[in-house]
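Visitor: I would like to learn how to read a ligand site and a pocket. Could we take one case?

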Amino acid sequence: MHPKELVTRTFHQRFGKVPDHLALAPGRVNLLGEHVDFNDGFVLPAAIDRAAYIAFSPADSDCSTLVAVDFAEESTFTPASIPARNNANGNPLVEWARYPAGVAWALAEANLPAPALNAVFASDVPRGAGLSSSASVEMAFAIAWSELGGWVLPPLQRALLGQKAENKYVGVNCGIMDQFASACGVSGNLLLLDCRSLEWQVLPIPQDVAIVIADTSIRRKLTTSSYNDRRQACEEAVKILGQSLPGIRALRDVSVDDFNRLCNRLPALVEKRARHVVEEVDRTRRAIPLLEQGNIIEFGEIMKQCHASLRDLYEVSIPELNVMVEIADSLPGCYGARLTGAGFGGCTVNLVEKSEAESFSAQLALRYQSQTGLIPEIYICHASDGARMIG
Ligand code: GLA
């Protein structure tokens with residue numbers, strides 16, 4: 001059953017009434033600019049046509065009751081229990097409930113009302129697959145509380161609240177890309193965000209090109225520490241390079257030439273991580289005009305370089321992602337393929353000539369299965385609008 005129907009039905013069963021409201025928030029796929037958002041770089045994601053759906057009504061008391069259909073679990077919290085990360089009974093919140101509770105916490109910090117609600121949510125964004133299922137849950141709840149609380153914020157501000165929830169409440173040190181894409185998505189378009197100034201614009205997806213998402217079926221496990229380690233390496237690089245390049249605030253400020261000149265001052269592993277970031281920021285800067293000019297061939301080449309760098313320097317790929325990318329690169333109509341999102345499992349993103357997209361997807365699935373024994377899910381993705389009320 002589609003998650004929209006599922007949440008509506010489940011709400012009725014659980015709360016005995018039809019929900020007052022329905023909202024959704026999409027996942028995202030990122031085309032270029034990977035692991036650079038927390039280095040003040042540029043990212044190029046799109047919101048996808050898979051989303052977290054939430055059915056909700058105001059609650060009668062100050063206790064929120066949440067049903068997570070995908071976990072077949074229920075949780076509760078009140079304004080008093082939230083700061084201690086507890087449920088309404090005083091026990092620690094289960095992990096999934098920390099995302100909505102974190103949003104309520106971030107709203108309280110910003111003096112925005114988050115009235116108690118009864119809510120049921122479900123998603124067709126696969127979890128742990130690099131498509132931002134967590135950010136989409138955060139953004140769906142932000143929409144719900146905006147509706148019930150009677151406040152309005154620009155989508156980017158909602159995204160920043162979601163990021164704060166995840167950084168400070170859930171404890172994942174992520175950048176802004178995922179919440180941004182889920183909040184700000186524009187149908188048919190890529191979104192270009194400058195993660196320093198937070199200025200953003202839309203870039204139309206060229207007409208004869210399809211974005212294909214290929215899910216290796218390997219799910220990411222315990223990656224928070226690896227993600228945070230790499231982030232720390234980037235910060236260390238800025239500190240050391242800053243001794244020779246006063247005034248730099250982030251790796252975004254380091255040119256490839258300066259980096260090559262100074263990289264021998266960095267410990268070997270720090271150099272690898274930082275080189276990925278410096279070169280990825282440079283790649284993204286070069287890729288945007290190519291996209292605007294419709295030079296998809298060169299743009300695709302840059303995507304391939306990005307994958308190699310994530311694999312060899314940033315070291316967040318896994319063999320299954322590499323196999324998926326290698327097969328894709330060998331198929332007709334593929335301009336470029338690479339892992340998308342944080343890595344360590346999940347999906348690749350493929351830029352494919354539209355007329356070839358169906359056969360590309362079929363071939364990729366067949367060959368991946370025969371090489372790995374795993375059954376992948378491969379689909380043509382349509383860039384969609386951001387988080388919104390739908391009923
Ligand atoms: C995760 C984080 C993002 C970003 C990507 C890698 O999705 O949540 O902020 O850092 O990894 O680009």
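This is a predicted model: local features need pLDDT of at least 70, side-chain atom pairs count only at pLDDT 80 or more; totals for chains, interfaces and linings use all residues.

Visitor: How much space lies in the largest pocket?

Guide: Rolling a probe the size of a water molecule over the atoms shows where empty space is left. A pocket is an open set of points on a 1 Å grid over the protein atoms alone, where a 1.4 Å probe fits, with protein on both sides within 12 Å along at least five of seven lines; lining residues have an atom within 4 Å of a point. Here the largest pocket holds about 1100 Å³, taken as the space filled by probe spheres set on the points. Its lining has 45 residues, with Tyr99, Gly128, Ser133, Ser134 and Arg220 nearest the centre.

Visitor: Where does the ligand sit?

Guide: The ligand sits in the largest pocket, meaning that more than half of its atoms lie within 2 Å of the grid points.

Visitor: Which side chains have an N or O atom by a ligand oxygen?

Guide: A polar contact is a pair of N or O atoms within 3.5 Å. Asp37 has such a side-chain atom 2.5 Å from a ligand oxygen, and Tyr227 has one at 2.6 Å. The protein covers 94% of the ligand's own 310 Å² of accessible area (Shrake-Rupley method, 1.4 Å probe).

How values were computed:
Residues are numbered from 1 along each chain as its sequence is written. Side-chain values use heavy atoms; hydrogens and water are left out. A polar contact is a pair of N or O atoms within 3.5 Å; within protein, one must be able to donate a hydrogen and the other to accept it, and residues adjacent in sequence count only if both atoms are side-chain atoms.
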